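Colleague: I would like to go through the labels attached to this model and hear what each one rests on.

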Amino acid sequence: MRLVQISDCHLLADKHQALYDINPYDSLEQVLSLIAENPPNALIATGDISGDDSAESYGHFIALMTRYLPACPWRVIAGNHDSNAQFLPSLSGYVLEAGSSWALGEWRIHGLDTRFVDARGKVQSEELAAVGNDIVAHQKANHLLALHHNPVITNSWMDKHLLENADALKAWLSNYPQIAGIIHGHIHAETETTFAGVPVVSVPSTCWQWDLAPEFAVDDAAPGFREISLSPDGKWTSTIRRVDQ
């Protein structure tokens, strides 16, 4: 089972507008074109679909997904930039909500909405409880958890925007060893680490990349995505691909 993760598209109503010298519409189109060369079984977008809270930005996302991956099922979770009145109405039917896991073969993909205040994140106890109940209901499945905010510090300027109550997630994970991995977005960078003994990976943005340095900086790495191979026995591996490779 091949699952592709994209994140932090930051689409704008104006398809021709650029930020940080990158047009987010054009760069997402390049990423999806690369993915379409070998279409995956499924795709998940881990937040910040919009960059300006507009209904048009979500319309652009749906249109590009339909154009490049018409036969690929996909889901999204919310990021801090999706804290607006357009997110749910625009993406109704695609949002991966806590307690309603997505079945992919022998795997169940779970989503958490970690939106809190401004760019900061927080897990809610009721969402964790809903995911826990879902795991118990599917004991024979393998489980992957998706959220937007990073639970692990990066020792960079982005840490002021991380998951504020990561300890609550850590305590919850100790009760659910069935979780084989965690994927997240938010930091616009490729990382691989562990959290509470669970492998954790992030993914490049489909537009501009952040330099995980002490002071704010933009990295010149190309936009990209993460391709995740999910094995029936519960093992998984992943790799990053970028549009300049």
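Colleague: Which residues is Glu127 in contact with, leaving aside its neighbours within four places in sequence?

Modeller: Contact means heavy atoms within 4.5 Å. Leaving those neighbours aside, Glu127 is in contact with Ala98, Leu112 and Asp113. Glu127 itself lies in helix H4 (residues 125-137); helices (H or I, at least four residues) and strands (E, at least two) are DSSP runs, numbered from the N terminus. This is a predicted model: local features need pLDDT of at least 70, side-chain atom pairs count only at pLDDT 80 or more, and totals for chains, interfaces and linings use all residues. Residues are numbered from 1 along each chain as its sequence is written, and side-chain values use heavy atoms, with hydrogens and water left out.

Colleague: Why is His60 called buried?

Modeller: Buried means under 20% relative accessible area, exposed over 50%, and partly exposed in between (1.4 Å probe, protein chains only). His60 has a relative accessible area of 15%, so the residue is buried. His60 is placed in helix H2 (residues 55-68) and touches Leu11, Leu12, Ala13, Lys15 and Tyr25, not counting residues up to four places away in sequence.

Colleague: How do you know that Arg2 forms a salt bridge with Glu227?

Modeller: The closest N and O atoms of Arg2 and Glu227 are 2.6 Å apart, and the limit is 4 Å. Arg2 lies in strand S1 and Glu227 in strand S12 (residues 224-230), so the pair ties together parts that are 225 residues apart in sequence. Arg2, at 19% relative accessibility, counts as buried, and so does Glu227, with a relative accessible area of 17%. The structure holds six salt bridges.

Colleague: What makes Arg242 and Glu190 a salt bridge?

Modeller: Their side chains meet at 3.5 Å, N to O, which is within 4 Å. Arg242 is buried, with a relative accessible area of 12%, whereas Glu190, at 42% relative accessibility, counts as partly exposed.

Colleague: Why is the pair of Trp74 and Tyr94 called stacked?

Modeller: Rings of Phe, Tyr and Trp (its six-membered ring) pair if their centres lie within 6.5 Å; planes under 30 degrees apart count as stacked, over 60 as edge-to-face and the rest as tilted. By this rule there are 10 aromatic pairs. The rings of Trp74 and Tyr94 have their centres 3.7 Å apart and their planes at 5°, so the pair is stacked. Trp74 is in strand S3 (residues 74-77) and Tyr94 in the loop between helix H3 (87-90) and strand S4 (102-104), 20 residues apart.

Colleague: Are Trp74 and Tyr94 buried or partly exposed?

Modeller: Trp74, at 6% relative accessibility, counts as buried. Tyr94, at 28%, counts as partly exposed.

Colleague: Which residues do ring pairs link into a cluster?

Modeller: The cluster consists of Tyr20, Trp157, Trp208, Trp210 and Phe216.
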